[in-house]
Amino acid sequence: MQFFYHEDSGAESIILDPKDAHYLFHVRRFKQGSTLLTSNLADMQLYNYKHERKNTFKLVALHSKVSQPKAYAHIILAMIDLKDIYDLLPTLNALNVSSLQLFYADFSQKNRKIDMQKAQKIVQYSCMQCGRMQPMEIAVHKDLESVCKAFPNAVVIDFLPAEAIDKSFMDTDIYPNLNGQQIHTIQDNSKELHSKACKHLNLTQFLDPNTYHSGYDKPPKDLDSNQSLSSLEVKDGGNLVQNILKHTRQTFENLTQQERQNISKGGIIIGCEGGFSHNERMFLHSTRKVHPLQTSFILTAHLVSTYIAGLCV
């Protein structure tokens with residue numbers, strides 16, 4: 001234990017409630033009369049308290065303020081089994097994740113309601129163990145729409161392998177004219193894809209061209225920066241689309257450490273155990289950068305969250 005959390009740390013004296021006293025004296029085997037290092041997890045300050053009697057401690061010393069690395073990563077996770085979420089909290093907190101943003105996806109069980117008091121207590125105990133003095137934040141969003149509003153620059157981790165992502169895309173009715181070896185013209189294809197996906201999810205606020213995010217910092221190399229998608233012809237069954245998909249499906253592991261850290265500042269969206277629904281995938285692929293993983297086997301949402309956080313620190 002690096003320090004003991006008490007919300008009144010800094011006051012002349014503090015009194016532990018029965019649960020905290022039991023944890024300190026019986027679980028941690030703290031010796032009566034000893035000095036206890038505490039934090040209120042708010043002011044980046046450590047305080048020394050000496051045990052006086054029963055559950056009462058008196059302030060005896062003030063440490064200088066502690067400097068710690070800034071937390072920046074936001075993990076945006078679809079609601080999964082609550083036990084898995086509670087198990088996940090101390091790990092993400094110790095990895096210095098800034099916040100865990102939960103949302104209800106199509107495949108989430110809507111009757112799952114996280115106990116925020118319990119969750120915050122878990123994070124507090126994690127801080128005591130790892131020494132972090134600014135706890136990870138936890139928030140809950142009602143659906144994918146709310147998450148996209150709150151994190152407009154978030155990227156997506158898709159559980160499907162890259163080739164499966166391609167097939168999922170080409171099997172939709174979004175690219176109806178990309179069959180065979182014929183030559184076709186794309187009429188603002190990326191915006192049409194975006195529009196169709198939004199309509200599937202009834203996300204009308206994303207239909208505004210001003211809020212459209214193509215997901216690219218730069219156009220793919222095959223595109224002339226002076227050309228628009230509507231002016232390009234596609235040969236061989238849609239090489240342009242394949243090039244765009246190749247651009248967006250770069251595995252998360254193949255990004256540089258700096259790229260992953262920059263991405264995590266905007267948020268990383270992870271689906272629940274069933275991944276994303278067809279409609280969600282259509283919407284996310286048309287409005288976000290999407291990265292598959294390079295793992296040998298399919299990971300659970302719980303494990304993916306830990307894996308991604310580990311790659312971003």
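I started with a pair of residues: Phe4 stands opposite Thr38 in strand 3. This is a predicted model, so I kept its limits in mind: local features need pLDDT of at least 70, side-chain atom pairs count only at pLDDT 80 or more, and totals for chains, interfaces and linings use all residues. Residues are numbered from 1 along each chain as its sequence is written, and side-chain values use heavy atoms, with hydrogens and water left out.

**Sheet.** I traced strand 1 to strand 3 (residues 35-39): two bridges, parallel. Helices (H or I, at least four residues) and strands (E, at least two) are DSSP runs, numbered from the N terminus. Strands pair if DSSP finds at least two bridges between them. The whole is an open sheet of five strands, order 1-3-4-5-2, with mixed pairing. Strand 1 (4-5) and strand 2 (13-15) each have a single partner strand, so one side of each lacks a neighbour in the sheet.

**Strand 5.** Strand 2 runs antiparallel to strand 5 (residues 56-62), with three bridges. There I found Ile14 opposite Phe57. Strand 4 (residues 47-53) is also antiparallel to strand 5, through six bridges. Arg53 has Thr56 as its bridge partner. The two strands form a hairpin with two residues between them, and Lys54 in the turn has a positive phi of about 45°.

**Helices.** I then checked helix 2 (residues 82-94) against helix 10 (residues 301-312): the angle is about 10° and the axes are 10 Å apart. Axes are lines fitted to C-alpha atoms, for helices over the stretch in contact, and angles run from 0 to 180 degrees between N-to-C directions. The two helices are therefore roughly parallel (angles under 35 degrees).

How values were computed. Angles under 35 degrees count as roughly parallel, over 145 as roughly antiparallel, 65 to 115 as roughly perpendicular and the rest as oblique.
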